[in-house]
Amino acid sequence: MALVTSFMGIHVVLRRSSFYPDAIAHASLTGVALGLLLAVNPLITTVIFAVFIALALPLFQKSSKLPLDNLLGSLLPSAMALGVLLLALMPGYQPELISFLFGNILTIGLTELYWLVALTLVVLYFLFVFRKQLILISINKDLAKTSGVKVERLEIVFSVLLAMTVVAALQIVGIILVNALLVMPATIARTKARSLKTMYVATPIISLLTVFFGLLISANYNLPSGPAIAVLAGVALLLSVVLAKVGATN
Amino acid sequence: MKAAVEVKKLSVTYPKIKQAVVSDVSFSLPKGKILMIVGPNGSGKSTLVKAILGLVESRGQVQVFGHKVEQEYHQIGYLPQNFSFDTSFPITVEEFLNISLAECSCEECLRDPKNSIKKALTQVGAQKLLSSMMSELSGGQMQRVLLAKSIVHSPKLLILDEPEAGIDHAGEESIFSLVSQMVKESHMTAILVSHDLDYVKKYADLVLVINKKIISYGPVGSALSSQVIKKIYPHE
């Protein structure tokens, strides 16, 4: 999972869309609530809702002509609030909700594990085959289009896979911390990278190390895994920024 | 002989202003010619270029080499106006030119992309920039790299929107001279947007003078008469 989120994260960061996965993650709470309300596996309803949001956002942006950050800022509270309202309709304690809010790698069953492996393979294949096209889109859509890249088609596939990756990451680190896996490793790598090649090598390594040591800390000190990974990534980001600054001054 | 670019009754209207920024433009550009588009600020030069390339919604018809422009992107080299580059984007010039070849169908590029990249950079006098980071280039260097990007796949049609922007005077001349040379040697066709009438007179085979509508179109001598110049630049 750390591998797939790190490669996906490279494109999220280079597109300057760091809040995009966060908004989808928050909106996913409505998907969780719908699953619980309809007595269906929340994973299924969450995936459907997240993909719906990921596809609807660009269409809504195109027709409204509003900047993406405005839309994300509006979507984040309203879609999450809808989830909270739906959950309020249900009596009693909802353990799935806590799991989706904060994530817990230890609650993942065999079915979910197969699903994660399949998703990882599909996303990695897509990101490898279309890596050049996706980077060109991140640089300039007009340039990508006139270079023959099918921009709209690739953006749709990317959005769907990103939404599915977000839902998968939710189960590990939860809604609140999903950006820790998707955005932070690529951001850390970006502070020092002087080429795409370095970015592609450094990001997954940082991601795997963060997850490994985050889990180690979580197990040793009996702490929740998601926050342990996110705090560790935060410290690593802080260090990399400081080191980059020191390096630039010297 | 089919025209390189055939434009019929092309109009662009932006929904918010509800006024046509390009109105009823028609022209036919033969293969192997350099067409230069001139007009005052806000006359719709860049919008016309974008409409030809299918980058903005428009009415009318555009054909490139007898086909829809989308089918001919692999034959087109485009340099946009005011290209802004994210300064924190970690990518070298070589990597940028390499990813530009993602959908390339030219035999030479597919066989030896590194050589095509080096050749394109040498042509625009930017061979030393191969390993530089894109974000560290000056305005003039960036313009040369973008020009290299537009020729790296050996296109048959070049569309350059103010290629001289950000480049010093000596560099400007070399860019127009390079385009002129490529058109002659490689049987290319070129559409260039420019503000500099001296370069237009020196390098254009055909001129399209626009101020939302076509003011004149044809060979330099007739399309860029002193009357036309006075009409489009009354304060100069």
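This is a predicted model: local features need pLDDT of at least 70, side-chain atom pairs count only at pLDDT 80 or more; totals for chains, interfaces and linings use all residues.
## Basis of the values

Local features need pLDDT of at least 70 and side-chain atom pairs count only at pLDDT 80 or more, while totals for chains, interfaces and linings use all residues. Residues are numbered from 1 along each chain as its sequence is written, chains are lettered from A and ligands numbered from 1 in the order in which they are written, and side-chain values use heavy atoms, without hydrogens and water.

## Aromatic pairs

Rings of Phe, Tyr and Trp (its six-membered ring) pair if their centres lie within 6.5 Å; planes under 30 degrees apart count as stacked, over 60 as edge-to-face and the rest as tilted. Over all chains, the count is 10 aromatic pairs. One of them is the tilted pair of Phe126(A) and Phe130(A), with 5.4 Å centre to centre and 45 degrees between the planes.

Phe126(A) is buried (under 20% relative accessible area; exposed is over 50%, partly exposed in between, with a 1.4 Å probe and protein chains only), at 6%. Phe130(A) is partly exposed, at 28%. In chain B, ring pairs link Phe83(B), Phe85(B) and Phe89(B) into a cluster.

## Charges over rings

A charge sits over a ring if NZ of Lys or CZ of Arg is within 6 Å of the ring centre and within 35 degrees of the ring normal. Arg15(A) lies over the face of Phe158(A), 4.2 Å from the ring centre. Arg131(A) lies over the face of Phe128(A), at 4.5 Å from the ring centre.

## Positive phi angles

Arg16(A) is not a glycine, yet has a positive phi of about 55 degrees. Arg16(A) is exposed, with 61% relative accessibility. Lys9(B), also not a glycine, has a positive phi of about 45 degrees, and is exposed at 56% relative accessibility.
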